Structure formats: structure tokens, C-alpha cells
Amino acid sequence: MNRNCKLCWGVSALLLAVLLYGGYVVGIRGNVEAGDDGRTAVVMDSADRIRVLGEMRAFLEAVQGINAAIADGNMKEVETIARASGMVKARGESAAFLATLPLEFKKLGMATHQRFDDLADLAATNPAPQKMLAAVSDTMLNCVACHQAYQLKARTQ
Ligand code: HEC
């Protein structure tokens, strides 16, 4: 093997390493840094952070509405509210935004939207209120898990 080809291999290996690292950052790690309270900070544009926090408040409102509807024995209302926070809400996120999120964050976020669809499906079977409440509580384990692990930080330009 002559010197030039060693150089070729070296350059190729370097390019491959860069590509693999890029894939890892975009697909798995996301844009993160150590947070100031022991959690992982997910760093994103300020506008994205504001939008995500808005979606979070919608989640909270949905959980409140669902609990109130269960207390009223109105499973139709539970179904409507839960469905509105289901996978329909997860569609239309840009690839650039999704790339900033760690894989685990994306998985938890998607799973939570899916859980709301599951809540809607359960409500449609007109279950006992206790059963409905237990499913809501189960869904909220996702909220708790994600909040324990992550905070959001606006990118400073
Ligand atoms: C995939 C992760 C994830 C999931 C799942 C999740 N959250 Fe959040 N939520 C966050 C992060 C990160 C923040 C910002 C926390 C911070 O920066 O300190 C947040 C913030 C919030 C806030 C504060 C909003 C504001 O205006 O400051 C509320 C309320 C909230 N979440 C409710 C919920 C509820 C209710 C659920 C479950 C139905 C939920 N979240 C599920 C990650 C998540």
C-alpha cells in the first residue's frame, strides 16, 4: 500500500467518523448540555421552547379536563379531550426541530401522545371511573419521568 492510499484511507476513516458522530448527534444525543439542577438541558431556539411549553400547558389542561369529566361520569367528554392530545398533536414537527431532541425525549413525548389516544379508546368503552382514573395516573408517569430528566433551555445567539 503506497503513502497516498494510506492518506485516502485516513481521510475516508475521518469522514466516516464525522458522519457517524453527526448521525449520533442528530439521531440519538440531540442538542443537550448539563442543566443547572442536575437534569439534562435540551437546547433549542427560544421560539421552539415557547411553543413546547405551550404544548405542555395544553397537556396539563387536558389532564385537568379529563379528571373533571371522569368526576362528572362523562366518558364522552373524556374521549374528546384525550383524543385532542393524541398523535394528531405529534404530527407536523420539522426535522430540524426533532434533531435537537434526544432520542429518549422523543420516545417519551411520542409515547405520551399515544397514551392519550389509548385513554380516548378506553373512554369509548365506557369503563368504570376508577379504571379510567388509573389509566390517567399511569399516563402521568410519563410526565413525571420526563420532567425528572430534562429541562428546556433557549439557545443564546
Ligand atoms: C418528553 C418529555 C416531557 C413529557 C412527556 C412531558 N413534559 Fe412537560 N415539560 C417537559 C420539559 C422539559 C419542561 C420544561 C421544564 C424546565 O425547563 O424546567 C416541561 C414543562 C411543563 C410545564 C410547565 C409549562 C410552562 O409554561 O412553564 C407543564 C405544565 C408541563 N410540562 C406539563 C406536562 C404534563 C401534564 C405532561 C403529561 C401529560 C407532560 N408535561 C409531559 C418535558 C415533558
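1. A word on terms to begin: contact means heavy atoms within 4.5 Å. This is a predicted model, in which local features need pLDDT of at least 70 and side-chain atom pairs count only at pLDDT 80 or more, while totals for chains, interfaces and linings use all residues. Residues are numbered from 1 along each chain as its sequence is written, and side-chain values use heavy atoms, with hydrogens and water left out.

2. Do take a look at Lys106, which lies in helix 5 (helices are DSSP runs of H or I with at least four residues, strands are runs of E with at least two, both numbered from the N terminus). Leaving aside neighbours within four places in sequence, Lys106 is in contact with Val26, Gly27, Leu98 and Leu101. Lys106 is buried yet has no salt bridge, and Glu104, the nearest side chain of opposite charge, is 11 Å away. Here buried means under 20% relative accessible area, exposed over 50% and partly exposed in between, with a 1.4 Å probe and protein chains only. A salt bridge needs a side-chain nitrogen of Lys or Arg within 4 Å of a carboxyl oxygen of Asp or Glu; Lys and Arg count as positive, Asp and Glu as negative, and His and the chain ends are not counted.

3. How many aromatic pairs does a search of the whole structure find? There are three, where rings of Phe, Tyr and Trp (its six-membered ring) pair if their centres lie within 6.5 Å, and planes under 30 degrees apart are stacked, over 60 edge-to-face and the rest tilted. One of them is the tilted pair of Tyr21 and Tyr24, at 6.1 Å centre to centre and 45° between the planes. Both residues lie in helix 1 (residues 3-29), three residues apart, about one turn of the helix. Tyr21 is partly exposed at 47% relative accessible area, and Tyr24 is partly exposed at 37%.

4. The ring centres of Phe105 and Tyr150 are 5.2 Å apart and the planes stand at 75°, so this pair is edge-to-face. Phe105 lies in helix 5 (residues 103-124) and Tyr150 in strand 3 (residues 150-154), so the pair ties together parts 45 residues apart in sequence. Phe105 is buried, at 12% relative accessible area, and Tyr150 is buried at 14%. Beyond neighbours within four places in sequence, Phe105 is in contact with Val42, Cys146, Tyr150 and Leu152.

5. Finally, helix 3 (residues 75-84) has Met75, Val78, Glu79, Ile81 and Ala82 buried. These buried residues pack against helix 2 (46-71), helix 5 and helix 6 (129-149).
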